[in-house]
Amino acid sequence: MKITAITAIPLSFRLDQGKTVTMGIGSTTKRDAIIVKVETSEGITGYGEAHPGRSPGAVVSLIHNTLAPMLIGMQATDCIGVWKRVHRMQLSSHGVGSGASLGLAGIDMALWDIRGKAANMPLYELLGGSKRRLPAYAGGISLGYQPKESLAEEAQEYVARGYKAVKLRLGDTAAKDIERVLHVRKVLGDDIDILTDANTAYTIADVRRVLPVLAEIKAGWLEEPFACSDFASYREAAKITSLVPIAAGENHYTRFEFAQLLEAGSVRIWQPDLSKCGGITEGLAIAALASAHRIPMNTHSSATGLNHAATIHFASAIENTQYFEACVSHYNPLRDMFGVSFEIGKDGCVEPLDKPGIGIEVDESIFAKYPLIDGPGYVVKF
Ligand SMILES: [Mg+2]
């Protein structure tokens, strides 16, 4: 079964006033996703998702003009061979680094979808996992900067749906962040896990002020206080308290960057995104590295139901999953366009789909509704 075609389909939609969410990387103006379709000589077609970075048109061009020509003709089941070729030609020499990782991620996810369909097995089974219930937290683009009262109301809405954990956005001012987390803890009580994410907007001085308060409210983690490559600040932050682990990984690419996180010795919760880190093949390598160092995996998942469903399969097939990040955005048609990819139970858990492969039926006629709007999806006030 050979790879005969690789097609990247960019999709976008705008967020109107009132539907935007503000967080450490700015306010959402639109959302984008790239669906990657891989066709084979046996007529089996697989679909994956590549994160658009902040430049969906560029990632689509990279997939069509650079990655596809080097992979067409290879065995569709040869995920390791594909990984080796992209790593050799695009990731390690004269390539475009993280861009190649985004493109590879979508292709690799589609190849795993093909493998599952060929074997007539749901992906979690193919990966060696079982259908088990996985704790989920209310995340995605939600719970952004807003008055503490409405933030607590939004969090309560997710708890009422079944979530036992919610993620609040920090990185506003330290004073406002502290006011919000204290209020939400008071309203939710002690039984809900409160997670926090600064989306790289903090300085080390901010973290010195905020971390002791996060320890006081027993927050589950502080995610991405700093830029992904700022290892010195990560090391410094980890010395402030051991009571709140520092989390990162959605902006780290390939097993090699996760190995650097290990060397920095400061990030105790890993959050690779299967549509960014290089795909499921790469994710398995990262999960094994984490397992050997007793680091919990909280696999980040982006825009569409494809990545959400693939992430739940993956999370069911590694031994160190902590939470699935459920996208609870009030408005995300890219999440919903293929039907339901996960359902939260009253126990706060989700479980993997049962159909072969990723288990999502892709109706390509829907794509025409969400034509590409190129450019970045966030506006930041400088
Ligand atoms: Mg995050």
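1. A note on the basis. This is a predicted model, in which local features need pLDDT of at least 70 and side-chain atom pairs count only at pLDDT 80 or more, while totals for chains, interfaces and linings use all residues. Residues are numbered from 1 along each chain as its sequence is written, and side-chain values use heavy atoms, with hydrogens and water left out.

2. Interface extent. Contact means heavy atoms within 4.5 Å. By that rule, 44 residues of domain 1 touch 45 residues of domain 2. The two domains bury about 3,700 Å² between them, with 71% of it on carbon and sulfur atoms. Buried area is the accessible area (1.4 Å probe) that two parts lose on being put together, summed over both. In domain 1, Arg-31, Trp-112 and Met-121 lose the most area to domain 2; together they give 17% of what that side buries.

3. How many salt bridges does the rule find between domain 1 and domain 2? It finds 0, taking a salt bridge as a side-chain nitrogen of Lys or Arg within 4 Å of a carboxyl oxygen of Asp or Glu. Polar contacts are present: 15 residue pairs, both at pLDDT 80 or more. A polar contact is a pair of N or O atoms within 3.5 Å; within protein, one must be able to donate a hydrogen and the other to accept it, and residues adjacent in sequence count only if both atoms are side-chain atoms.

4. Make-up of the domain 1 side. Elements that each supply at least two residues include strand E1 (3–14), strand E4 (30–40) and helix H2 (79–91). Helices (H or I, at least four residues) and strands (E, at least two) are DSSP runs, numbered from the N terminus. H3 gives the largest share, 13 residues.

5. Salt bridges overall. The structure holds 21. In one of them, Arg-294 pairs with Glu-319 (3.5 Å, N to O). Arg-294 sits in the loop between helix H10 (280–292) and helix H11 (305–316), and Glu-319 in the loop between H11 and strand E12 (324–327), so the pair ties together parts 25 residues apart in sequence.
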